[in-house]
Amino acid sequence: MVSKLYYKNKFIIKLIKPIENKRLFTALKLNILTVKDYQLWPKKLIALDAFCQTGLQWTRVFSKEAEYLEMWDINTDAIKFAKKEFPKANVNCGDSIDAIMNGKLHRKDFNFVLIDSPVPFMYPDGSFEHFKFFDSIFKNIADEAVIMMDVVPNIQTMLDIHPHPKEFNDKWINARANFYGVKDAACVLPQVMTEIYKSKVEALGFKVKLVTYNARNAHFGILTIAVSKN
Ligand SMILES: C[S@@+](CC[C@H](N)C(=O)[O-])C[C@H]1O[C@@H](n2cnc3c(N)ncnc32)[C@H](O)[C@@H]1O
């Protein structure tokens, strides 16, 4: 399964190489360029990619800029390929949520954190998206940092292409209601979401320099937050 994805990505990269970054931006690249235009992109990049898989989709977009790159994935096959593709990175096979929450990352001064967590997906402990460990991310960052995460404004558009049983959907909506503190948690529009994240980050003692949302495809998007310590 992962190896099929790896070779597919290798093939795609070869195909798009001549136009990539000239006429073709990935959603992640667009977000990074936006942060650069705001002059909020770190000069010496200390990066954590907490759900890297093989790294051929997202990690490779910024890996060359990183002075230090730490990668995590729980899937042993994915990590085999990630180690091969990113020989200079600190590549770890394991539970990055546990590492983020319990001080097991190799550094605590990350200035770029990428959270491409699986969706739609329920973790074995019944949690969803980044809800359980969102606050803990901020225990692992430098005084100035950029965090990019997958967010899902409207779960129905995603469930239309990845149908799940009603019980799963109800649990997901409930988890979203708890995290976002809204009534209609199946659909949380980006303009509402950005305000909620801003409040959460400020409550953790950080100043929000930028919070922005961009779609990554028709089903979900990337939320970018640039923060500094108060
Ligand atoms: C959406 S994919 C990431 C794709 C990747 N960012 C890329 O660019 O190819 C989600 C990944 O999260 C991993 N994952 C799921 N639970 C995890 C956990 N607790 N700790 C670390 N990785 C986990 C899965 O194995 C999967 O590879």
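The chain holds nine helices and seven strands. Helices (H or I, at least four residues) and strands (E, at least two) are DSSP runs, numbered from the N terminus. The model is predicted: local features need pLDDT of at least 70, side-chain atom pairs count only at pLDDT 80 or more, and totals for chains, interfaces and linings use all residues. Residues are numbered from 1 along each chain as its sequence is written.

The overall dimensions were examined next. The C-alpha trace spans about 45 × 45 × 35 Å along its principal axes. The radius of gyration is 17 Å, which agrees with the value near 17 Å for a compact globule of 230 residues. This radius is taken over C-alpha atoms, and the globule rule is 2.2 Å times the number of residues to the power 0.38. Of the 230 residues, 33% count as buried. A residue is buried if 20 or more other C-beta atoms lie within 10 Å of its own, exposed if 12 or fewer, and partly exposed in between, with C-beta atoms placed from the backbone. Contacts were also sorted by separation in sequence. Among those between residues at least 6 apart, 62% join residues at least 24 apart. Two residues are in contact if their C-beta atoms, placed from the backbone, lie within 7 Å.

Seven strands form an open sheet in the order β3-β2-β1-β4-β5-β7-β6, with mixed pairing. Its edge strands are β3 (90-93) and β6 (206-215), each of which pairs on one side only. Two strands pair if DSSP finds at least two bridges between them. Neighbouring strands of the sheet are turned by 15° against each other on average, direction ignored. Axes are lines fitted to C-alpha atoms, for helices over the stretch in contact, and angles run from 0 to 180 degrees between N-to-C directions.

Strands β1 (residues 45-49) and β2 (residues 66-73) run parallel and are joined by five bridges. Here L48 has E70 of β2 as its bridge partner. Helix α4 (residues 76-85) packs on the sheet and touches β2 and β3. The direction of α4 makes about 170° with that of β3.

Strand β7 (221-229) is mostly covered, with seven of its nine residues buried. Eight bridges join β7 to β5, and the two strands run antiparallel. E144 stands opposite S228 of β7. Nine bridges pair β7 with β6, again in the antiparallel sense. S228 in β7 is the bridge partner of K207. β6 and β7 form a hairpin, with five residues between them. Helix α2 (residues 27-37) lies across β5 (141-151), β6 and β7. The helix runs at about 30° to β7.

Two packed helices are described by the angle between their axes and the distance between the axes. Helix α1 (residues 2-16) packs with α4 at an angle of about 30°, with the axes 9 Å apart. In this contact V2, S3 and Y6 of α1 meet D77, A78 and F81 of α4. Four of the contact residues are nonpolar, one is polar and one is charged. Ala, Val, Leu, Ile, Met, Phe, Trp, Tyr, Cys and Pro count as nonpolar, Asp, Glu, Lys and Arg as charged, and the others, Gly among them, as polar.

The shell around the ligand was then considered. Of its 17 residues, F51, Q53, Q57, W58 and D116 come nearest. A residue is near a molecule or strand if its C-beta atom, placed from the backbone, lies within 6 Å of it. β2 and α5 (96-101) each supply at least two residues of the shell. The shell divides into nine nonpolar, five polar and three charged residues.

Q53 lies in the loop between β1 and α3 (59-62). Q53 counts as buried because it has 24 C-beta neighbours inside 10 Å. Its phi is positive, about 50°, although it is not a glycine. Q39, in the loop between α2 and β1, also has a positive phi, of about 60°. Q39 counts as exposed, with 9 C-beta neighbours inside 10 Å. Most residues other than glycine have a negative phi, and most peptide bonds are trans.

The loop between β4 (110-115) and α6 (134-137) holds H130. P120 is found in the loop between β4 and α6. The peptide bond from V119 to P120 is cis, with omega near -10°. H130 is buried, with 24 other C-beta atoms within 10 Å. Leaving aside neighbours within four places in sequence, H130 is in contact with I115, S117 and M149. The C-alpha atoms of H130 and S117 are separated by 6.9 Å, while the residues are 13 apart along the chain.
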